[in-house]
Amino acid sequence: MNFYDIEKKIDKIEEKLKILKEREDIDKEKIKLIEEKFKRKIEKFYSSLTPYQKVLLARHPNRPKFLDYVNALFKDFVELKGDRFSGDCQAIVCGFGKLYIEKEILDFLKDKIKYPCLNKEKGYLQVCLIGQERGKTTKEKIKRNFGMPNPQGYRKALRVMKLAEKLGKPILTFIDTPGAFPGIEAEKHSQSEAIARNLYEMAKLKVPIIALVIGEGGSGGALGIGVANVILMLENSVYSVISPEGCSAILFKSQDKVEEAAKALKLTAQDLYNLGIIDEIIKEPLGGAHRHKEELFKNVKEVLIKYLKNLLIMEPEEVKKLRYKKYRNIGKFEEIS
Amino acid sequence: MFSFLRRKKEEVNSPLWLKCEKCKSLLFKGELEKNMWVCPKCSYHFKISVKERLYHLFDNHEYELLDENLVSVDPLNFVDTKPYKQRLEEAKKKTSFNEAIINAVGYINGNKVYLSCFNFDFMGGSMGSVVGEKLTRNIERAAKDKIPFICICASGGARMQEGMLSLMQMAKVSAALTKLEDAQTPYIAVLTHPTMGGVSASIAFLGDVILAEPGALIGFAGPRVIEQTIRQKLPEGFQTAEFLLKHGLIDEVVDRRHLKETLTKYIENLKYSL
């Protein structure tokens with residue numbers, strides 16, 4: 001399936017509707033009816049996507065990437081680069097930004113907040129931002145290694161997250177990767193150790209962590225920045241132990257069983273919510289995150305602040321304990337007598 | 001699954017004789033068995049069963065199995081070319097174990113240890129909910145009693161048939177290991193052929209001490225995936241235990257016949273003593 005063609009059709013109809021609306025000689029009620037019928041049709045289409053179609057939508061080239069969120073939701077972002085001993089991987093971007101909040105939230109947090117991250121005068125929270133960036137243009141994609149981090153990326157992320165812990169800033173991670181990079185240098189620098197270390201250290205951090213899957217959550221490479229108090233997913237994002245392509249090849253012994261594999265893996269936001277792995281699904285605008293970005297960013301900001309508000313009034317030890325408990329309880333098995 | 005990682009025993013049309021894969025010597029099976037499945041001529045490490053491994057490791061060949069009552073369910077109703085439930089039954093029959101890992105407690109030269117050992121014959125040693133839970137329980141015991149924890153790894157990675165539940169086991173066992181820090185108790189990882197993927201990127205590489213068997217293939221991505229991605233042939237010996245030692249990723253490559261003595265020294269130097 002090609003989303004481009006479908007989107008082109010939708011764009012064309014939307015444009016025609018716009019022209020019709022401007023004409024004085026046509027009954028407004030009639031146009032409204034047509035518009036509603038059209039909207040229902042798109043809604044029906046997008047709500048009946050197969051899991052693999054969702055994978056394709058999650059990988060849509062126009063879908064907002066991590067840096068789009070940074071620019072839209074945060075002010076004065078400062079980036080920190082390098083792992084301080086072997087290099088800088090640009091598939092992971094790390095830094096700090098200001099998240100402006102409504103007066104109502106500010107008033108709520110003012111006396112209860114347990115972390116030194118609230119500017120009461122100017123009304124913003126200082127937050128640590130960690131995310132995988134895939135890039136949009138070919139040049140950018142190459143620079144970002146198509147969002148596939150090397151060990152240096154995970155180690156940079158850990159360095160910055162530890163800084164966030166030292167300074168008492170909450171951490172927001174944005175997941176969007178096909179997976180950790182499979183390469184000679186990556187193995188030489190121990191991709192395994194880099195990811196494992198992050199899982200271990202993230203379990204210990206004494207600041208709130210929220211992870212948000214914005215596109216593709218590719219296996220261990222995604223989890224490497226994904227250990228959190230709260231795991232959120234965008235409505236059309238996916239999160240999987242292996243890509244449907246990989247699963248098709250290994251388990252179904254075929255290149256073209258991707259639809260079946262995607263279905264079997266239970267990788268959609270809805271599936272993972274039902275399995276109790278994620279905490280909440282963030283609604284996307286009709287047609288996907290890239291269709292009406294303003295609406296998307298508004299939804300994301302609202303949900304992030306809702307969880308931050310709850311976590312920032314908890315003691316650091318409690319935040320850590322709750323995170324441990326969350327992972328301690330994941331797993332489905334039977335105890336026979 | 002993970003068939004390319006399996007070590008074939010080259011059959012020589014005889015139930016008593018075996019050909020060494022490396023030096024091609026004809027070896028008497030009984031002798032090989034006594035030698036812990038290490039070729040007496042070239043030290044090539046054949047695959048050894050979990051039972052034999054524990055038999056050689058523990059004092060008086062005695063140990064107690066723990067958490068045997070934990071069994072896998074089929075949370076996703078997963079069906080590929082076969083239903084997951086059927087795969088589990090077949091693996092149980094084939095191995096006479098009920099999961100891809102066993103938990104044990106016993107003594108190594110007088111030192112009490114909690115030990116978990118992966119079984120590669122059981123669905124490629126893949127880590128699903130039960131493997132994650134068993135590891136976690138054994139680590140928690142070790143932390144509570146301040147007794148060293150040892151994990152012998154052999155795995156193709158996460159168990160795909162349990163989807164995200166299995167990926168999350170990586171985070172679960174890694175979090176559990178933080179308890180050993182509070183208990184000032186060491187964790188020694190022994191990486192055997194093969195240790196890959198999600199198991200490599202969690203329990204395996206979080207060892208305070210990481211030992212590996214000679215020739216074992218250890219890494220995150222499988223060699224075939226890497227070759228397909230970068231479109232070039234991998235260097236000789238890439239991702240072997242010796243390669244990892246050279247690049248500073250593990251502490252030592254240890255011959256299986258010396259593993260017990262080596263573990264003893266590390267345990268006695270590092271364990272909680274008061």
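Predicted model: local features only at pLDDT ≥ 70, side-chain atom pairs only at ≥ 80, totals over all residues.

Now, how many disulfides turn up over all chains? Zero, according to a search of the whole structure. Select B:Cys20 next: the nearest cysteine sulfur, from B:Cys42, is 3.6 Å away, and B:Cys20 is in no disulfide.

Over to the rings. There are eleven aromatic pairs over all chains. Pick A:Phe3 and A:Tyr46 for one of them: the ring centres are 6.4 Å apart and the planes meet at 15°, so this pair is stacked. A:Phe3 belongs to helix α1 (residues 3-22) of chain A and A:Tyr46 to helix α2 (residues 28-47) of chain A, so the pair ties together parts that are 43 residues apart in sequence. A:Phe3 is buried at 5% relative accessibility, and A:Tyr46 is buried at 8%.

For another geometry, show A:Tyr69 with A:Phe297. Here the centres are 5.2 Å apart with the planes at 85°, so the pair is edge-to-face. A:Tyr69 sits in helix α4 of chain A and A:Phe297 in helix α14 (residues 293-311) of chain A, so this contact ties together parts 228 residues apart in sequence. A:Tyr69 is buried, with a relative accessible area of 0%; A:Phe297 is buried as well, at 9%.

Which of its residues are buried? They are A:Phe66, A:Leu67, A:Tyr69, A:Val70 and A:Leu73. Look down the axis: these residues cover an arc of only 155°, which puts them on the same side of α4(A).

Last stop, charges over rings. Select A:Arg197 and A:Tyr200: the charged end of A:Arg197 sits over the ring of A:Tyr200, 5.8 Å from its centre. Then show both chains and pick B:Lys179 with A:Tyr324, where the charged end of B:Lys179 sits over the ring of A:Tyr324, 4.2 Å from the ring centre.

Terms used:
Residues numbered from 1 in each chain as written. Chains lettered and ligands numbered in written order. Heavy atoms only, no water. Buried < 20%, exposed > 50% of the residue type's maximum accessible area, 1.4 Å probe, protein only. Helix = DSSP H or I, 4+ residues; strand = E, 2+ residues; numbered from the N terminus. Arc of directions from axis to C-beta. Disulfide = S-S within 2.5 Å. Phe/Tyr/Trp six-rings, centres within 6.5 Å; stacked < 30°, edge-to-face > 60°. Lys NZ or Arg CZ within 6 Å of the ring centre and 35° of its normal.
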